[in-house]
Amino acid sequence: QVQLVESGGGLVQPGGSLRLSCAASGSIFSIYVMGWYRQAPGTQREGVAIITNSGYTNYRNSVKGRFTISRDNAKNTMYLRINSLKPDGTGVYYCNTGEQEFSWGQGTPVTVSS
């Protein structure tokens, strides 16, 4: 079973930036479409970005132009660069496959506040 560990979250002021990381155990990471998901307080988890194993990306409309998803298959790691953070970016960020096939990790919390 692949384990996912998210990191890089924290408290950031509006307009700030963060880079989140997702480390996956095992060598099969590279074959999967991977995605970042966000769960804001009191809401359901939602997808924000996906990346295929060849690097094609797609984003939720509300984050286009501010979020950049990338992956390093050699390191079994995926990233999410978040720029121009807004208060609605607050939440716990998780990674998983595009079909959410693995067990969820603990996530990494992001709080956007002045």
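User: What is the bridge partner of R71 in β8, and what makes β7 and β8 a pair?

Analyst: In β8, R71 has M78 as its bridge partner. Two strands pair if DSSP finds at least two bridges between them, and β7 is joined to β8 (residues 77–82) by 6 bridges, running antiparallel. So by the rule of at least two bridges, they count as a pair. Strands here are DSSP runs (E, at least two residues), and helices are H or I runs of at least four, numbered from the N terminus.

This is a predicted model, so local features need pLDDT of at least 70 and side-chain atom pairs count only at pLDDT 80 or more, while totals for chains, interfaces and linings use all residues. Residues are numbered from 1 along each chain as its sequence is written, and side-chain values use heavy atoms, with hydrogens and water left out.

User: Which sheet does β7 belong to, and why are β1 and β7 called edge strands?

Analyst: The sheet is open, has 4 strands in the order β1-β3-β8-β7, and pairs antiparallel. β1 (4–7) and β7 (67–72) each have a single partner strand, so one side of each lacks a neighbour in the sheet. In general, strands of a sheet pair through backbone hydrogen bonds, either parallel or antiparallel.

User: How do you know that C22 and C95 form a disulfide?

Analyst: The cut-off is a pair of cysteine sulfur atoms within 2.5 Å, and the sulfur atoms of C22 and C95 are 2.0 Å apart. A search of the whole structure finds 1 disulfide. The S-S torsion of C22 and C95 is about 70 degrees, so the disulfide is right-handed. C22 is in strand β3 and C95 in strand β9, so the bond ties together parts 73 residues apart in sequence.

User: Why is Y37 called buried, and what is W104 called?

Analyst: Buried means under 20% relative accessible area, exposed over 50%, and partly exposed in between (1.4 Å probe, protein chains only). Y37 has 6%, so it is buried. W104 has 27%, so it counts as partly exposed. C22 and C95 are both buried too.

User: What makes Y37 and W104 an edge-to-face pair?

Analyst: Rings of Phe, Tyr and Trp (its six-membered ring) pair if their centres lie within 6.5 Å; planes under 30 degrees apart count as stacked, over 60 as edge-to-face and the rest as tilted. By this rule there are 3 aromatic pairs. For Y32 and F102, the centres are 4.9 Å apart and the planes at 70 degrees, so that pair is edge-to-face. Both Y32 and F102 are buried. The rings of Y37 and W104 have centres 5.2 Å apart and planes at 90 degrees, so this pair is edge-to-face as well. Y37 sits in strand β4 and W104 in the loop between β9 and β10, 67 residues apart. Together with Y94, Y37 and W104 form one aromatic cluster.

User: How do you know that the charged end of R45 sits over the ring of Y94?

Analyst: The test is NZ of Lys or CZ of Arg within 6 Å of the ring centre and within 35 degrees of the ring normal. R45 meets it over Y94, at 4.6 Å from the ring centre. R45 also lies over the face of W104, at 3.7 Å from the ring centre.

User: Why is β4 described as largely enclosed?

Analyst: 5 of the 6 residues of β4 are buried, so the rest of the structure largely encloses this strand. β4 pairs antiparallel with β5 (residues 46–51) over 5 bridges, and with β9 over 6 bridges, again antiparallel.
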